[in-house]
Structures are given as C-alpha cells and as structure tokens.
Amino acid sequence: MALGKYCPILQVVGYQNSGKTTLMEKLISRAAQVGLRAASIKHHGHGGAPSYESPSKDSIRHYEAGAVVSSVEGAGTLQLRAKVDDLSLEEMLRFYQFFSIDVIFVEGYKKESYPKVALLRDEQDLSMLDSLTNVQCIISHVQVDQQLVQNYKVFQLNEDHLYIDFLMEVVNKDGFI
C-alpha cells in the first residue's frame with residue numbers, strides 16, 4: 001500500500017473460538033498464493049495488552065501463513081514492540097502504508113465499518129449481527145434459519161472452497177488487486 005494507493009481491507013469478526021484466526025490464515029495464504037502482499041492486524045479483544053513475554057500466537061500464525069507484516073493491538077500496546085497511545089485502527093492502517101501492502105485482513109474491531117465477514121458458532125451468535133455494519137457474508141458452524149439471515153450471503157464452515165473465493169472477490173471488487 002504505497003502512499004495514495006488503494007488497499008482493500010477485510011475484517012473477520014466473531015466471538016471467541018469461532019474460527020477467526022483460522023479464516024485469517026486461509027485468506028492470507030490465498031492472497032500470498034496469488035502474489036499479493038497481505039498484512040494482518042489483530043485486535044487483542046480479551047482485555048489488557050498483549051504479553052511481551054509470549055508473543056501473540058495468532059499474529060505469528062498470520063505471519064507464518066504468508067503475511068508480510070502482522071501485528072496485534074490491545075490496551076495501547078501494538079505488538080511490533082512499540083509503545084503507543086491507544087492507536088485506532090485508522091492510525092494503524094496509515095502506519096501499514098510503509099510496507100507496500102496489497103490487502104489488509106483485520107481480525108476483530110467489530111465496531112469498525114470496513115467490509116467484513118461474520119463467523120457464527122451457533123444461532124445465539126446471531127445477535128452480534130444487530131451491531132455490525134458492512135457484513136459481506138456469514139460463515140456458520142451450524143445450519144441457521146434462513147428467515148433469520150435473509151439479508152446475508154451464508155456459507156457453512158466446511159464450504160471454505162466457496163467462501164475463500166467469494167471473499168477474495170470482495171477484496172478485489174474494484175479490480176485494484
């Protein structure tokens with residue numbers, strides 16, 4: 001993402017143990033396979049700052065999947081070993097411009113309005129949709145009542161061959177990558 005260059009952003013949101021990090025790995029890996037320089041930003045949503053003693057396993061998984069740069073942010077700490085004043089997602093995205101990125105995958109930050117995919121563990125997680133914006137699709141661990149999700153494109157968790165292709169089209173919808 002050179003200065004002034006368009007860089008698509010896709011958020012992956014869901015509750016704990018919904019498969020966010022696994023989906024991030026798949027997206028990053030696919031992006032790398034097609035020659036894109038992918039980056040990841042993870043929100044440490046469990047309270048507190050990420051530990052310096054044990055680096056975030058999730059951001060390491062993102063890096064090992066092919067991310068050019070990966071980070072985790074929580075409680076004012078950006079785990080690139082930099083002390084910061086509560087960086088917003090916007091500020092981190094501007095920082096990522098220096099890495100010549102083609103696409104950024106964001107894990108978490110449910111309240112932001114970038115295009116996103118919502119992971120559902122069960123029908124109880126449907127309430128999360130009430131507070132989300134710009135949902136491109138839902139990936140569900142269980143069959144959900146179509147009446148409850150009639151406004152969304154829905155994939156089952158085991159249909160990764162379908163939803164990975166779909167999500168790569170979402171990030172490339174303007175034909176920039």
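C137 counts as buried because its relative accessibility is 0%, where buried means under 20% relative accessible area, exposed over 50%, and partly exposed in between, for a 1.4 Å probe and protein chains only. C7 is buried too, with a relative accessible area of 9%. A disulfide is a covalent bond between the sulfur atoms of two cysteines. The structure holds 0 disulfides, going by a cut-off of cysteine sulfur atoms within 2.5 Å. The model is predicted, so local features need pLDDT of at least 70 and side-chain atom pairs pLDDT 80 or more, while totals for chains, interfaces and linings use all residues. Residues are numbered from 1 along each chain as its sequence is written, and side-chain values use heavy atoms, with hydrogens and water left out.

Read from the N terminus, the order of elements is β-α-β-α-β-β-β-α-β-β-β-β-α. Of the 177 residues, 46% count as buried. As for contacts (heavy atoms within 4.5 Å), take those between residues at least 6 apart in sequence: 62% of them join residues at least 24 apart.

Now for a pair of helices. The axes of α1 (residues 20-33) and α4 (residues 160-171) come within 11 Å and cross at roughly 60 degrees. Such axes are lines fitted to C-alpha atoms, for helices over the stretch in contact, and the angles run from 0 to 180 degrees between N-to-C directions. The crossing of α1 and α4 is right-handed, meaning that the near helix is turned clockwise from the far one by less than a right angle, with anticlockwise giving left-handed. On the α1 side, L23, K26, L27, R30 and A31 take part, and they meet D160, Y163, I164, D165, L167 and M168 of α4. Sorted by class, this contact has 7 nonpolar, no polar and 4 charged residues. Here Ala, Val, Leu, Ile, Met, Phe, Trp, Tyr, Cys and Pro count as nonpolar, Asp, Glu, Lys and Arg as charged, and the others, Gly among them, as polar.

What about the aromatic rings? A search of the whole structure turns up 5 aromatic pairs. Rings of Phe, Tyr and Trp (its six-membered ring) pair if their centres lie within 6.5 Å, and planes under 30 degrees apart count as stacked, over 60 as edge-to-face and the rest as tilted. F155 and Y163 make an edge-to-face pair, because their ring centres are 6.1 Å apart and their planes sit at 65 degrees. Both of these residues, F155 and Y163, are buried. With F166, F155 forms a tilted pair, since the centres are 5.5 Å apart and the planes at 50 degrees. That pair links distant parts of the chain, with F155 in strand β9 (residues 154-156) and F166 in helix α4, 11 residues apart. Elsewhere, F95, Y96 and F99 form one aromatic cluster.

G35, in the loop between α1 and β2 (38-43), counts as exposed because its relative accessibility is 56%. Its C-alpha atom is separated by 9.4 Å from that of D102, 67 residues away along the chain. S100 lies in the loop between α3 (89-96) and β6 (103-107) and has a phi near 50 degrees, a positive value in a residue other than glycine. N134, in the loop between β7 (116-120) and β8 (135-140), has a positive phi of about 60 degrees although it is not a glycine. S100 is partly exposed at 41% relative accessible area, and N134 is partly exposed at 35%.

Methods: Helix = DSSP H or I, 4+ residues; strand = E, 2+ residues; numbered from the N terminus.
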